[in-house]
Amino acid sequence: MFYKGTKKENKSNSEGAAPIKECPSCGFMQHTRKVKCESCGHDFEEERIKQQKEEQQQKLYLLVRDNPINIPTDKIYAIAEERGWKEYAVLHKITEHIANYQKKYFNIVTDDYSNKIAMEELQKWCSKYSKKNNKWHREFMLRLLDTKREVK
Ligand SMILES: [Zn+2]
């Protein structure tokens, strides 16, 4: 999309035709600026937020399908063994990958989604090192992810 200078104003607007929208609930036509339907009180804002959420989910769905997160877990485990890293250093590394993925696709990947990935990775980590996937570990990992998200 190109912006031609500052003349973004639509011509039809300046000619007097008010932009209108139709209420999905009762069909009443009204100005697009209305927050609630003049006729039946339908909440357009709620509608807009719902739509935004659906679009967000659609974007995330496509991202996960076309560009899923790729954590080189096997390599990380191998390096850890080679260099004698502690188990928790591995968890740090994995969490960094998740945070980076979220930063890269910051307008698509939600906290909920990256938390979900973190929990899946924690499960694998627990199996690898014979740790218990308990509340303490889950909270530890989510806190870790929170701090990594904040690192710019
Ligand atoms: Zn209405």
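**Entry 1. Terms and model**

I count a residue as buried if 20 or more other C-beta atoms lie within 10 Å of its own, as exposed if 12 or fewer do, and as partly exposed in between, with C-beta atoms placed from the backbone. I take helices (H or I, at least four residues) and strands (E, at least two) as DSSP runs, numbered from the N terminus.

I note that residues are numbered from 1 along each chain as its sequence is written. The model is predicted: local features need pLDDT of at least 70, side-chain atom pairs count only at pLDDT 80 or more, and totals for chains, interfaces and linings use all residues.

I looked up pLDDT, the predictor's confidence in each residue, from 0 to 100. The protein chain averages 89, and 89% of the residues score at least 70. Over residues 1-13 pLDDT stays under 50, and the model has four contacts beyond four places in sequence for that stretch. I call two residues in contact if their C-beta atoms, placed from the backbone, lie within 7 Å.

**Entry 2. The chain as a whole**

I found six helices and two strands in the protein chain. Read along the sequence, the pattern is α-β-β-α-α-α-α-α. Of the 152 residues, 14% are buried. Among contacts between residues at least 6 apart in sequence, 37% join residues at least 24 apart.

**Entry 3. Helix 3**

How many of the eleven residues of helix 3 are buried? The count is one, and I record helix 3 as hardly covered. Glycine 84 follows helix 3 and has a positive phi, near 65 degrees.

**Entry 4. Helix 4**

Helix 4 has 18 residues and reaches 26 Å from its first C-alpha to its last, close to the 26 Å expected. Its buried residues are Val90, Leu91, Ile94, Thr95, Ile98, Ala99, Tyr101 and Gln102. Helix 3 (73-83), helix 5 and helix 6 are included in what covers them.

**Entry 5. Helix 6**

Helix 6 (residues 135-150) has 16 residues and reaches 23 Å from its first C-alpha to its last, close to the 22 Å expected. I listed its buried residues as Met141, Leu144 and Leu145. Seen down the axis of helix 6, these buried residues fall within an arc of 100 degrees, so they line one face of the helix. The arc is that of the directions from the helix axis to the C-beta atoms. I recall that an α-helix has 3.6 residues a turn, so residues three or four places apart point the same way.

Which exposed residues does the face of helix 6 turned away from its buried side carry? I found Lys135, Trp136, Glu139, Arg143, Thr147 and Glu150 there. The cover over the buried residues of helix 6 includes helix 4 (87-104) and helix 5 (111-129).

I then looked at two of the buried positions. Leucine 144 lies in helix 6 and counts as buried because it has 20 C-beta neighbours inside 10 Å. Beyond its neighbours within four places in sequence, leucine 144 is in contact with Leu91, His92 and Thr95. The C-alpha atoms of leucine 144 and threonine 95 are separated by 7.1 Å, although the two residues are 49 residues apart along the chain. Methionine 141 touches Leu91, Thr95, Ala118 and Leu122, residues up to four places away in sequence not being counted.

**Entry 6. The largest nonpolar core**

I define a nonpolar core as a set of buried Ala, Val, Leu, Ile, Met, Phe, Trp, Tyr and Cys residues joined through C-beta atoms within 7 Å. The largest such core has 16 residues, of which Leu91, Ile94, Ile98, Ala118, Met141 and Leu145 touch the most other members. Helix 4, helix 5 and helix 6 are the elements that give two or more residues to this core. Helix 4 supplies the largest share, six residues.

**Entry 7. Single positions**

Serine 130 sits in the loop between helix 5 and helix 6. Its phi is positive, about 50 degrees, although serine 130 is not a glycine. Serine 130 counts as exposed, with 7 C-beta neighbours inside 10 Å.

Glutamine 56 lies in helix 2 (residues 44-66) and is partly exposed, with 14 other C-beta atoms within 10 Å. Glutamine 56 and valine 109 are 53 residues apart in sequence and 8.7 Å apart in space, C-alpha to C-alpha.

How values were computed:
The expected span of a helix is 1.5 Å times one less than its number of residues.
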